[in-house]
Amino acid sequence: MFKKVVTEEYPEYRKPTAPRYHGRHILNRHPDGLEKCVGCELCAWACPADAIFVEGADNSDEERYSPGERYAGVYQINYARCIFCGLCIEACPTRSLTMSNEYELASDSRKDLIFTKEQLLAPLLPGMEQPPHPMRLGGSEKDYYVGALTNPGTSAGAERVQPGGVA
């Protein structure tokens, strides 16, 4: 009651969030540009708000989007339902889904709050190639995931996205 009131000048100055803040989701990529998501749908099963919809599709030798047998053909997150609990992140076996510090998600349309796979995918960094393309980091999917625990910096996504969604 006897503290001085602090006025935030929000649109002009954005106060930095805590490092582990749960904000907008990001689908990460491997260093060659292939998607980490294998379309297993575990994130959708773990979501208590039923905000995630995933429809898996099969990779082929001609069209490869991820190193595994499958990839997410359709991936949507409904931010009108999402409670930002992070259970989807914990359920992801490939660490493809992470959360950024971005919190400006307001919209006056419910349709605009449904983010598609294209909106959620991490941007392509220099040296990455737009999928579909053959595997560049090895001959099998094991080459992509072995060593991921000892070298977690190989993922490209949330850790490199700046506030506002720009890499």
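Arg64 counts as buried, at 13% relative accessibility; here buried means under 20% relative accessible area, exposed over 50%, and partly exposed in between, with a 1.4 Å probe and protein chains only. Its side chain meets that of Asp61 in a salt bridge, 3.8 Å from N to O, and Asp61 counts as exposed at 69% relative accessibility. By salt bridge I mean a side-chain nitrogen of Lys or Arg within 4 Å of a carboxyl oxygen of Asp or Glu.

A quick word on the model, everyone. It is predicted, so local features need pLDDT of at least 70 and side-chain atom pairs count only at pLDDT 80 or more, while totals for chains, interfaces and linings use all residues. Residues are numbered from 1 along each chain as its sequence is written, and side-chain values use heavy atoms, with hydrogens and water left out.

Back to the charges. How many salt bridges does a search of the whole structure find? The search finds six. One of them joins Lys117 and Glu35, whose closest N and O atoms are 2.9 Å apart. Lys117 lies in helix α3 (residues 117–120) and Glu35 in the loop between β1 (25–27) and α1 (42–46), so this pair ties together parts that are 82 residues apart in sequence. For those labels, helices (H or I, at least four residues) and strands (E, at least two) are DSSP runs, numbered from the N terminus. Both Lys117 and Glu35 are buried. Arg136 and Glu129 also meet through their side chains, at 2.8 Å from N to O; Arg136 is partly exposed at 46%, and Glu129 is partly exposed at 32%.

Next, please look at Asn59, in the loop between β2 and β3. Asn59 counts as buried, at 13% relative accessibility. A polar atom of its side chain lies 2.9 Å from the backbone nitrogen of Tyr65, and the side chain also reaches the backbone oxygen of Arg70 at 3.5 Å. Leaving aside neighbours within four places in sequence, Asn59 is in contact (heavy atoms within 4.5 Å) with residues including Arg64, Ser66 and Tyr71.

Now the core. Which residues touch the most other members of the largest nonpolar core? They are Ile52, Tyr75, Tyr79 and Leu97, out of 23 residues. A nonpolar core is a set of buried Ala, Val, Leu, Ile, Met, Phe, Trp, Tyr and Cys residues joined through side-chain atoms within 4.5 Å. At least two residues come from each of α1, β2 (52–58), β3 (70–78), α2 (87–91) and β4 (97–99), and β3 gives the largest share, three residues. Setting aside neighbours within four places in sequence, Tyr75 is in contact with Ile52, Leu97 and Lys117, among others.

His25 sits in strand β1 and counts as buried at 1% relative accessibility. Its C-alpha atom is separated by 5.6 Å from that of Thr98, 73 residues apart along the chain. The side chains of His25 and Tyr79 make a polar contact at 2.8 Å; that term is a pair of N or O atoms within 3.5 Å, where within protein one must be able to donate a hydrogen and the other to accept it, and residues adjacent in sequence count only if both atoms are side-chain atoms.
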